[in-house]
Amino acid sequence: VPRRPDPLSVVVSFDQLYAQAAVANLLLLQRLKVWAEASNGMFKVVEGGTKRFDKWNDLKARAQGSRPRVKWTAMKRHGRAFEKLLRVYGDDPSRLLDITRHHIVFENMTDLTNCL
């Protein structure tokens, strides 16, 4: 059944969890770009030591070599995830759901609503 957990396909190891999270992270980044493009979303960029938020559409319009570097959110550090796994989730890796995460910034509520 779509969108339902499969009780026979449980994550049982920390390594398995991170391998799946790495793939999910790549897929999530692609979706973020699509959502940002459709809704004037912005990402943090670093250019010449300066950090700011630029609209994804503006970044895409610039030539590849002249684009500032987008500062994507890193996956949760292994040490922090392991700590949380032991302390909060009783050593059950299938309960740790926030290893990969990202954000899109919006200038106004209309753009946010359009994204949703």
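Me: What do the buried residues of α1 pack against?
Reply: In this predicted model, they pack against β1 (42-47), α2 (56-61), α3 (78-87) and α4 (109-115). Buried means under 20% relative accessible area with a 1.4 Å probe, protein chains only, and contact means heavy atoms within 4.5 Å. Helices are DSSP runs of H or I with at least four residues, strands are runs of E with at least two, and both are numbered from the N terminus.

Me: Which residues of α1 are buried?
Reply: Phe14, Leu17, Tyr18, Ala21, Asn25, Leu29, Leu32, Ala36 and Ser39.

Me: And what comes just after α1?
Reply: Asn40, with a positive phi of about 60°.

Me: Switching to Asp111, where is that?
Reply: Asp111 sits in helix α4. Leaving out residues up to four places away in sequence, Asp111 touches Ser39, Asn40 and Phe106.

Me: Is Asp111 buried or exposed?
Reply: Asp111 is buried and has no salt bridge (a side-chain nitrogen of Lys or Arg within 4 Å of a carboxyl oxygen of Asp or Glu). The nearest side chain of opposite charge is Lys55, 5.2 Å away; Lys and Arg count as positive, Asp and Glu as negative, and His and the chain ends are not counted.

Me: How many helices and strands does the chain have?
Reply: Four helices and three strands, in the order α-β-β-α-β-α-α from the N terminus.

Me: What does the C-alpha trace span?
Reply: About 45 × 35 × 25 Å along its principal axes.

Terms used. Residues are numbered from 1 along each chain as its sequence is written. This is a predicted model: local features need pLDDT of at least 70, side-chain atom pairs count only at pLDDT 80 or more; totals for chains, interfaces and linings use all residues. Side-chain values use heavy atoms; hydrogens and water are left out. Buried means under 20% relative accessible area, exposed over 50%, partly exposed in between (1.4 Å probe, protein chains only).
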